[in-house]
Amino acid sequence: MKISGLLKNALPILLACLGAFIAITILSLLFSALICYTSIDEAYLAPAGVIITVLGLLAGGYLAGRRCKKNGLLNGLFLGLLYFLILWLISAIGDASIVPILTKLPYILLAPMIGGILGVK
């Protein structure tokens with residue numbers, strides 16, 4: 001019996017999602033230290049959060065594309081959807097609104113798709 005493409009790529013996408021979360025965590029800690037120990041204004045927190053998320057998801061998409069070796073766009077899309085689903089579940093547990101996450105959906109989907117394309121090439 002042949003394993004379908006989605007199931008065969010599930011583990012690399014899960015590992016890429018873990019890599020994206022790790023990258024976002026490390027970048028967030030570095031920016032937090034930068035805010036804490038320098039005179040950078042806190043007004044840069046929201047734009048930095050977007051940039052950090054995009055860079056982390058771009059790295060995760062790259063990992064997914066690199067591991068799967070084909071269909072980088074589709075694997076990046078699956079990674080973005082998985083990331084969105086995890087954020088949605090975390091916000092549901094915390095009894096928060098989904099509206100802020102929905103506003104981030106375009107770059108949550110686009111960044112890993114671009115990373116997946118770059119990872120395949």
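Q: At roughly what angle do the axes of H4 and H5 cross?
A: In this predicted model, the axes of H4 and H5 come within 7 Å. H4 passes H5 in a right-handed crossing. The angle at which the two axes cross is roughly 145 degrees.

Q: How many nonpolar, polar and charged residues make the contact of H4 with H5?
A: On the H4 side the contact includes Gly72, Leu73, Gly76, Phe84 and Trp88. On the H5 side it includes Ile101, Leu105, Pro112, Met113 and Val120. By class, the residues of this contact divide into 17 nonpolar, 5 polar and no charged.

Q: Is H3 parallel, perpendicular or oblique to H5?
A: Helix H3 covers residues 45-68 and helix H5 covers residues 99-120, and their axes come within 6 Å. These axes cross at roughly 40 degrees. That angle makes the relation of H3 to H5 oblique.

Q: What is the handedness of the crossing of H3 and H5, and how do the contact residues divide by class?
A: The crossing of H3 and H5 is right-handed. Residues of H3 in the contact include Val50, Thr53, Leu57, Gly61 and Arg66, and they meet residues of H5 including Tyr107, Ala111, Gly115 and Gly119. By class, the contact of H3 with H5 has 12 nonpolar, 6 polar and 1 charged residues.

Q: Is H2 parallel, perpendicular or oblique to H4?
A: Helix H2 spans residues 10-37 and helix H4 spans residues 72-93. Their axes come within 10 Å and cross at roughly 60 degrees. With that angle, H2 counts as oblique to H4.

Q: Which residues of H4 do the contact residues of H2 meet?
A: H2 passes H4 in a right-handed crossing. From H2, the residues in contact are Ile13, Leu14, Ala16, Cys17, Phe21 and Ile24. By class, the contact of H2 with H4 has 11 nonpolar, 1 polar and no charged residues. The partners in H4 are Asn75, Phe78, Leu79, Leu82, Tyr83 and Ile86.

Q: Which element gives the largest share of the lining of the largest pocket?
A: The largest pocket holds about 210 Å³ of space and is lined by 13 residues. The elements that give two or more residues to this lining are H2, H3, H4 and H5. The largest share, 5 residues, comes from H3.

Q: What pattern does the chain follow along the sequence?
A: The C-alpha trace of the chain spans about 60 × 35 × 20 Å along its principal axes. The chain has 5 helices and 0 strands. Read along the sequence, the pattern is α-α-α-α-α.

Technical notes: Residues numbered from 1 in each chain as written. Predicted model: local features only at pLDDT ≥ 70, side-chain atom pairs only at ≥ 80, totals over all residues. Heavy atoms only, no water. Axes fitted to C-alpha atoms, helices over the stretch in contact; angles between N-to-C directions. Helix = DSSP H or I, 4+ residues; strand = E, 2+ residues; numbered from the N terminus. Parallel < 35°, antiparallel > 145°, perpendicular 65-115°, else oblique. Left-handed = near helix turned anticlockwise from the far one by under 90°. Contact = heavy atoms within 4.5 Å. Nonpolar A, V, L, I, M, F, W, Y, C, P; charged D, E, K, R; others polar. 1 Å grid on protein atoms, 1.4 Å probe; cavity = no way out; pocket = protein on both sides within 12 Å on 5 of 7 lines; lining within 4 Å. Points joined across faces, edges and corners; volume = space filled by probe spheres on them.
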